2 protein chains.
Amino acid sequence: MASPHTSIRHDRDSVARTALALLDEVGLADLSMRRIAARLDVQPSALYWHFASKQELLAELSDRITATIDAPGPDVVATARAIRDALFTHRDGAELVLSTYALRLGSSRAQSALARALTDAGADDADDRAAALLQFVLGHATLVQQRMHADSYGALPADGPHDATAGLDRIFDLGVNALAGVTHSPTLRD
Amino acid sequence: MASPHTSIRHDRDSVARTALALLDEVGLADLSMRRIAARLDVQPSALYWHFASKQELLAELSDRITATIDAPGPDVVATARAIRDALFTHRDGAELVLSTYALRLGSSRAQSALARALTDAGADDADDRAAALLQFVLGHATLVQQRMHADSYGALPADGPHDATAGLDRIFDLGVNALAGVTHSPTLRD
């Protein structure tokens with residue numbers, strides 16, 4: 001049972017950590033403030049002491065998911081892969097970061113890392129190119145995560161390929177190389 | 001009130017048309033079989049006479065949204081724009097088509113149109129490139145639709161730019177040209 005002073009035990013960090021763990025369990029569509037509060041054994045209203053809105057909480061989760069890509073990779077492709085892999089560390093990570101980015105909430109860590117890598121590679125339109133690259137990575141990763149989740153529940157058509165994500169890594173590299181302005185890359189078909 | 005023979009008045013087409021109209025009203029997250037049934041004045045179970053699952057119904061909606069891009073545009077960029085514009089004709093259109101594509105349901109009309117345009121343009125990896133292009137278009141369009149919806153409800157941070165989608169058309173063209181293998185396009189900055 002929630003007691004009047006239970007919320008004192010919680011802070012912004014523990015609310016965010018609980019929400020991230022619950023995201024992995026139930027997915028983004030079912031991650032409600034009510035559910036997060038129940039897991040913390042507090043009333044939903046107690047959450048709003050730490051986060052002004054659900055969107056603000058989701059932005060904090062987005063920042064935590066992308067926190068590992070603060071240091072840019074050695075090049076554009078490595079940075080794009082680091083972003084993709086960070087999105088994959090939590091269920092519906094790509095969808096959550098895409099929504100937060102659409103609402104201009106949270107940090108722009110991923111896009112900034114791409115812009116730095118593109119500038120280092122000599123791009124004269126690094127900001128626009130970083131935005132296009134991030135949109136590709138988010139579209140790609142959302143697709144891969146939804147397909148893997150459907151596959152884990154046997155929800156894909158039975159007549160499809162045995163490996164649900166076959167070829168998607170190759171398409172990711174093709175897309176990133178093309179958007180990075182790398183026209184002839186030895187990693188295109190690796 | 002629903003009567004025992006009400007469902008006879010409905011067929012696959014009328015269920016899909018009602019669901020598409022409801023999508024525009026309530027958005028994808030709230031488009032439940034229960035709500036669609038209520039709008040049709042039937043029991044939810046009556047819908048399953050026409051569609052085996054909600055996913056099958058969503059796949060039909062996805063096919064209707066992408067139906068207009070059956071005839072490929074004159075080139076890759078025009079085809080990509082036709083796909084984007086088709087996604088924009090219904091609320092959450094991009095998110096719905098992305099989900100259906102992730103689950104390998106519905107037609108592959110959009111990807112096929114891109115592959116044909118790329119083949120016509122001389123690409124030797126038209127299928128992979130079409131997949132990468134579609135993932136970019138879906139990521140881009142999902143972002144734009146979510147941002148426009150948030151903007152219409154005043155849900156974007158007040159310190160952002162006045163035009164919520166400023167620059168996004170330029171980034172779309174940059175991304176499509178790069179993924180199409182067009183390195184120097186006169187339309188890049190139009």
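Q: Why does D92(B) count as buried?
A: In this predicted model, local features need pLDDT of at least 70 and side-chain atom pairs count only at pLDDT 80 or more, while totals for chains, interfaces and linings use all residues. A residue is buried if 20 or more other C-beta atoms lie within 10 Å of its own, exposed if 12 or fewer, and partly exposed in between, with C-beta atoms placed from the backbone. D92(B) has 22 C-beta neighbours inside 10 Å, and therefore counts as buried.

Q: What makes D92(A) buried?
A: Residues are numbered from 1 along each chain as its sequence is written, and chains are lettered from A in the order in which they are written. D92(A) has 22 other C-beta atoms within 10 Å, so it is buried.

Q: Where is D92(A) found?
A: D92(A) is in the loop between α5 (76–88) and α6 of chain A. Such helices are DSSP runs of H or I with at least four residues, strands are runs of E with at least two, and both are numbered from the N terminus. D92(A) is not a glycine, yet has a positive phi of about 60°.

Q: Why are the two copies described as related by a two-fold rotation axis?
A: Chain A is superposed on chain B by a rotation of 180° with 0.0 Å of shift along its axis, at an RMSD of 0.0 Å. The two copies are thus related as by a two-fold rotation axis. The superposition is by least squares on the C-alpha atoms of residues with pLDDT of at least 70 in both copies.

Q: How many residues of chain A are in contact with chain B?
A: Two residues are in contact if their C-beta atoms, placed from the backbone, lie within 7 Å. By this criterion, 34 residues of chain A are in contact with 34 residues of chain B. The largest share of the side of chain A, 14 residues, comes from α8(A).

Q: What classes of residue make up the side of chain A that touches chain B?
A: This side has 19 nonpolar, ten polar and five charged residues. Ala, Val, Leu, Ile, Met, Phe, Trp, Tyr, Cys and Pro count as nonpolar, Asp, Glu, Lys and Arg as charged, and the others, Gly among them, as polar.

Q: Which domains does the assignment give for chain A?
A: The assignment, which is automatic or from a database, gives domain 1 (6–51) and domain 2 (63–180). Their contact takes six residues from domain 1 of chain A and six residues from domain 2 of chain A.
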